[in-house]
Amino acid sequence: MVIQELKPSRHVEGRWLAVLEDGSILRIGEGEVVDFALYAGRELSEEEADRLQDAARRSGLKAKAIELLMRRPQSRKELGRRLAEQEASQEEIEAICDRMEELGYLNEEEYAARVVRHYAAKGFGERKLRDELYRRGISREFWEDALAQIEDNSEVIDAFLEKKLKGDHDPKAVKKASEALARRGFSWSEIGDALRRYGMEVWD
């Protein structure tokens, strides 16, 4: 297999295009160019061609991982799912995720903190925050430190009740507002305390 042409990509920095004699194109990194001593006219043995194709595939998966993480932070599990869609093996996924962590592109602890801050700022309670951490596949070892950022929810709940009820003590309106708070992830004990502050009599 002869490399007919070797040229840098015009679209992706650090990527090279190796045009083979059969017309196929291998997208490789600078490391593969150096490791395989590639140049236009270089003839590859069948074994070398197979190893180069395998290296090009791994390089492409790493580039895809960086692209995904630069687009938005995500958990190791989320990144793994996306790489699996690219037909990466479990072994490749683990190796790439490890490398992304080493490079600082993948930081699940910081991601957990960002998820908690985002949803807490939107006025959601702890149960909803835990649901989001679970949904995103964030390792449980990072949950408690992230959730420790949450301050007292009383002001958030009080403001919600004031906005929804506007001084109304009608039991139906109160029940509807309470259920809305529960759906937002607040505990019934938190809701009960807020209703007492609002002047409602609550039976435990």
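I looked up the buried residues of H9 and found Val174, Ala177, Ser178, Ala180, Leu181 and Ala182. Buried means under 20% relative accessible area, exposed over 50%, partly exposed in between (1.4 Å probe, protein chains only). This is a predicted model, where local features need pLDDT of at least 70, side-chain atom pairs count only at pLDDT 80 or more, and totals for chains, interfaces and linings use all residues. Residues are numbered from 1 along each chain as its sequence is written, and side-chain values use heavy atoms, without hydrogens and water.

Next I checked what H9 packs against. Its buried residues pack against helix H6 (126-135), helix H8 (154-165) and helix H10 (188-197). Helices are DSSP runs (H or I, at least four residues) and strands likewise (E, at least two), numbered from the N terminus.

I then checked the span of H9 (residues 171-183). Its 13 residues should span 18 Å at 1.5 Å a residue, and the end C-alpha atoms are 18 Å apart, so the two agree. The expected span is 1.5 Å times one less than the number of residues. Just after H9, I noted Gly185 with a positive phi of about 100 degrees.

I moved to the hairpin. Strand S2 (residues 15-20) and strand S3 (residues 25-29) pair antiparallel over 5 bridges; pairing needs at least two DSSP bridges. Arg15 stands opposite Gly29 in S3. With 4 residues between the strands, the hairpin has Gly23 at a positive phi near 95 degrees.

Last, I looked up Met70, in helix H2 (residues 46-71). Met70 counts as exposed because its relative accessibility is 61%.

Conventions: Contact = heavy atoms within 4.5 Å.
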